[in-house]
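Please walk me through this structure, with attention to its pocket, its nonpolar packing and its charged pairs. Define the terms as they come up.

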Amino acid sequence: MDFRITFSGRFAYRRGGGVSFHNHPEDFQIQIIYGGEADMRIDGQLFHVVKDDVLFIRKGSTHEFTVTSEECLRTLEVKFITSDDVILRMISYIHTYLQDKNGQLFGLFSSIVTEGYQKLFAFVDLSNAMLLTILSLMARSSNSITPYPRIESRAPTIQSQLLQDITQFVSANINRRYTIPELAAECGYNKDYLYRMVKKETGMTAIQYISKLKYDQAKKMIQHTELSLSEIAWNLGFGSLQYFSRFFHEHSGISPSEYMAKVRNTVRTDY
C-alpha cells in the first residue's frame with residue numbers, strides 16, 4: 001500500500017488561541033483531542049470538540065479552530081499523503097467527527113508521535129503500520145461494521161491466570177508496599193509456586209516482573225496524565241522523588257524528567 005506520514009505532533013493551545021482558516025492541498029490530517037475544548041469549523045460545519053473527540057480532515061478541506069476552555073487544548077496530530085486506491089477507498093468511509101471512547105486511538109497516536117520524536121531504527125515503517133491500524137479502526141467505527149465472528153478462546157491456563165492475577169493485584173495496590181509472600185497469599189497461590197511459574201513464563205523473577213509492571217504504569221502516568229513527577233511517585237508508592245527517579249532510570253536508561261520532556265512537551269516531526 002502506498003501512503004506516507006508527512007508530519008506528527010503533540011500540541012497545546014491556550015484559551016483564545018488556535019489555528020486560522022486554511023487547508024492542506026495534498027495532506028490528509030487527523031487530530032485527537034486529549035484535553036480542553038475548542039470550536040472547530042471544517043468545510044463550514046461547526047464542531048465543539050472535547051476530550052476523546054477525533055477529527056478527520058480530508059486534503060483540500062478548509063478548517064480552523066479556536067480554544068474555548070480555560071485549560072489548554074491538547075491534541076495529537078498526524079498528516080499523511082496517499083494516492084493508493086485501497087487506502088482512498090478505506091478513508092472514503094471515515095466520518096469527519098468520531099469519538100475515541102476506549103482510548104485505543106490515543107495510544108496509537110501517542111506512539112506515532114513518540115516514534116517520530118525518537119527516530120529509532122525503522123520508525124517510519126512502524127509509524128506507517130500504526131497509521132494503517134488507525135485508519136482501519138476509524139473506518140470500522142464510522143460505518144459500524146459488524147465485527148468478525150468471535151472465536152471463543154480456550155480457557156486460560158493456570159500459569160496465564162496467575163500472571164493476570166498478579167497484574168490485577170499490582171494495579172489495585174499500586175501505591176502500597178507488600179512482600180511477595182503477601183502478594184501470593186492474597187492472590188491465592190503458594191509463594192514457591194508463584195516464584196517458579198513467574199520465572200517460567202516471563203524469564204524474570206517475581207520482583208523483576210512486579211517492577212516491570214510498576215515501570216509500565218509509571219510511563220502511562222507520565223504520558224497520559226498531567227500529574228507532576230512528585231505526584232506520580234506518590235501514586236506509585238515511592239517514598240521520594242529521588243527513589244522514583246533512580247527506579248525509572250534503571251528501567252529506561254533516562255530520567256523520568258527526560259521522558260516527560262519527550263512525551264508531554266509540544267513536539268513536531270516532519271518525516
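By class, the lining of the largest pocket holds eight nonpolar, two polar and three charged residues. In this count Ala, Val, Leu, Ile, Met, Phe, Trp, Tyr, Cys and Pro are nonpolar, Asp, Glu, Lys and Arg are charged, and the others, Gly among them, are polar. A pocket here is found on a 1 Å grid over the protein atoms alone, as an open set of points where a 1.4 Å probe fits, with protein on both sides within 12 Å along at least five of seven lines; lining residues have an atom within 4 Å of a point. The volume of the largest pocket is about 360 Å³, a volume being the space filled by probe spheres set on the points, which are joined across faces, edges and corners. R177, Y178, I210, K214 and Y243 are the closest to its centre among the 13 lining residues. Helices (H or I, at least four residues) and strands (E, at least two) are DSSP runs numbered from the N terminus.

The model is predicted: local features need pLDDT of at least 70 and side-chain atom pairs count only at pLDDT 80 or more, while totals for chains, interfaces and linings use all residues. Residues are numbered from 1 along each chain as its sequence is written, and side-chain values use heavy atoms, with hydrogens and water left out.

Next comes the packing. In soluble globular proteins, nonpolar side chains tend to be buried together. A nonpolar core is a set of buried Ala, Val, Leu, Ile, Met, Phe, Trp, Tyr and Cys residues joined through side-chain atoms within 4.5 Å; buried means under 20% relative accessible area, exposed over 50%, and partly exposed in between (1.4 Å probe, protein chains only). The largest nonpolar core has 34 residues, of which I166, V170, L183, L194, L236, F244 and F248 touch the most other members. At least two residues of this core come from each of α4 (158-172), α5 (180-187), α6 (191-202), α7, α8 (229-235), α9 and α10 (256-263). Again α7 gives the most, here with eight residues. F248 is in contact (heavy atoms within 4.5 Å) with Y215, A218, K219, I222, G253, I254, S255, P256 and Y259, leaving aside residues up to four places away in sequence. Another core, of 28 residues, lies apart from the largest one and includes F28, I87, F109 and I112.

The structure holds five salt bridges, each a side-chain nitrogen of Lys or Arg within 4 Å of a carboxyl oxygen of Asp or Glu. One of them joins E70 and R15, at 3.7 Å from N to O. E70 sits in the loop between β7 (63-67) and β8 (73-82) and R15 in the loop between β1 (3-13) and β2 (18-22), so this pair ties together parts 55 residues apart in sequence. E70 is exposed, at 68% relative accessible area, whereas R15 is partly exposed, at 47%. E186 and R176 form another salt bridge, with their closest N and O atoms 3.0 Å apart. Because E186 is in helix α5 and R176 in the loop between α4 and α5, this pair links parts ten residues apart in sequence.

Finally, the backbone. Most residues other than glycine have a negative phi. D43, although not a glycine, has a positive phi of about 50°, and lies in the loop between β4 (38-42) and β5 (45-49).
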